[in-house]
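Q: I have a model open and would like to learn how to read its features. Could you walk me through a few of them?

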Amino acid sequence: MVVDRIFSGIQPTGMPHLGNYLGAIQNWVSLQEECSSVLYSIMDMHSLTMPKEPAVLRQNILDTTAAILACGIDPKKCFLFRQSLVPEHAELAWVLGCLTNMPRLLRLPQWKMKRASQNNDGTVGLLTYPVLQAADILLYKSTHVPVGEDQVLHLELAQDIAQHFNKKYGDFFPVPKAILSTTKKIKSLRDPTVKMSKSDPQKLATVNIADSPDEIVLKFRKAVTDFTSEVTYDPAGRPGVSNLVSIHAAVTGLSIKEVLQQSAGLDTAHYKMVVAESVIQKFAPIRNEIKKLQEDKSHLIKVLENGAEKAKELATPIYREVRRLVGFQ
């Protein structure tokens, strides 16, 4: 019997930003209420595709865990765990990698983009991490995966790998379906043609969920707009102002139309402060909770260990059957 099961993950690359919260974490909180089997993973194995110091990675894992707990993820309603604590992820990735052809991986846009950021010396891990993503999903026989626009191709790869496995070894893995985020992609405050990113070298481009009110105000005051003072929504013609409208709508729960009605008569300079205040109000309780959680590292570690034990209980029988199907036992 196929059980509806949701799987998603986040890389521990430091404190999540506004785009992570609105595009993924906020949705995770809703999904844990709607589905009886939900797994959320801190993807520490994936984070090795971009070089990091071990001490930085350890701290990033704890910061990311504190942040998503503060945002409302409840370990009683989902399995929250660290990927590397369940070694079957890597073992299944090897099996699935042996069913995946190289040209398919070389065509993926993330490989081309991230390889360029590594002086065109992309590693094997960087090339094959979409196969590990497929293993992350299929290891639990997940049926649904929340994804943003930029991850759709990777989910399609996971779907194809599941079908290839089923054709070769018999009907075993459900073909996972996408749960597409309804939130507009949040753009950089300094360059509204690209998405908000933790790796952006411009510090004023990205709003982190633990930023102080003063930092948030400064970043929105410096947000790139244009020479028209009216607040309108036209992503193609006025990407900067439209990004502010998207953020305002997402943090308040209002529609784009309602935001525009409320903002009638405001110039963009004043409107930036309205959006900043909305973000400050949204993140104030989260920021306070993050601080409290960061003071108790042992609690964060225990949450991830407990979640990994539960995830392993699900993964072990599934991977044992994979071993039998492929001929390992």
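A: Happy to! Let's begin with Tyr140, which is buried, with a relative accessible area of 0%. Buried means under 20% relative accessible area, exposed over 50% and partly exposed in between, with a 1.4 Å probe and protein chains only. This is a predicted model, where local features need pLDDT of at least 70 and side-chain atom pairs count only at pLDDT 80 or more, while totals for chains, interfaces and linings use all residues. Residues are numbered from 1 along each chain as its sequence is written, and side-chain values use heavy atoms, with hydrogens and water left out.

Q: How many aromatic pairs are there by the ring rule?
A: Rings of Phe, Tyr and Trp (its six-membered ring) pair if their centres lie within 6.5 Å; planes under 30 degrees apart count as stacked, over 60 as edge-to-face and the rest as tilted. The count here comes to 8 aromatic pairs. In one of them, Phe7 and Tyr140 are stacked because their ring centres are 5.8 Å apart and their planes at 10°.

Q: Where in the chain do Phe7 and Tyr140 lie?
A: Helices (H or I, at least four residues) and strands (E, at least two) are DSSP runs, numbered from the N terminus. Phe7 lies in strand S1 (residues 6-10) and Tyr140 in the loop between helix H7 (124-138) and strand S4 (144-147), so the pair ties together parts that are 133 residues apart in sequence. Phe7 is buried, at 2% relative accessible area.

Q: What kind of aromatic pair do Tyr21 and Phe283 form?
A: Tyr21 and Phe283 form an edge-to-face pair, 5.4 Å centre to centre with 85° between the planes. Tyr21 is in helix H1 (residues 18-34) and Phe283 in helix H12 (residues 268-294), 262 residues apart. Tyr21 is buried at 6%, and Phe283 is buried at 2%.

Q: Which residues do ring pairs link into a cluster?
A: Phe165, Tyr169, Phe172 and Phe173 are linked that way. A charge sits over a ring if NZ of Lys or CZ of Arg is within 6 Å of the ring centre and within 35 degrees of the ring normal. The charged end of Lys141 sits over the ring of Phe172, 4.0 Å from its centre.

Q: How many disulfides does the structure hold?
A: A disulfide is a covalent bond between the sulfur atoms of two cysteines. The cut-off is a pair of cysteine sulfur atoms within 2.5 Å. This structure holds 0 disulfides. For Cys35, the closest cysteine sulfur is in Cys78, 11 Å away and too far for a bond.
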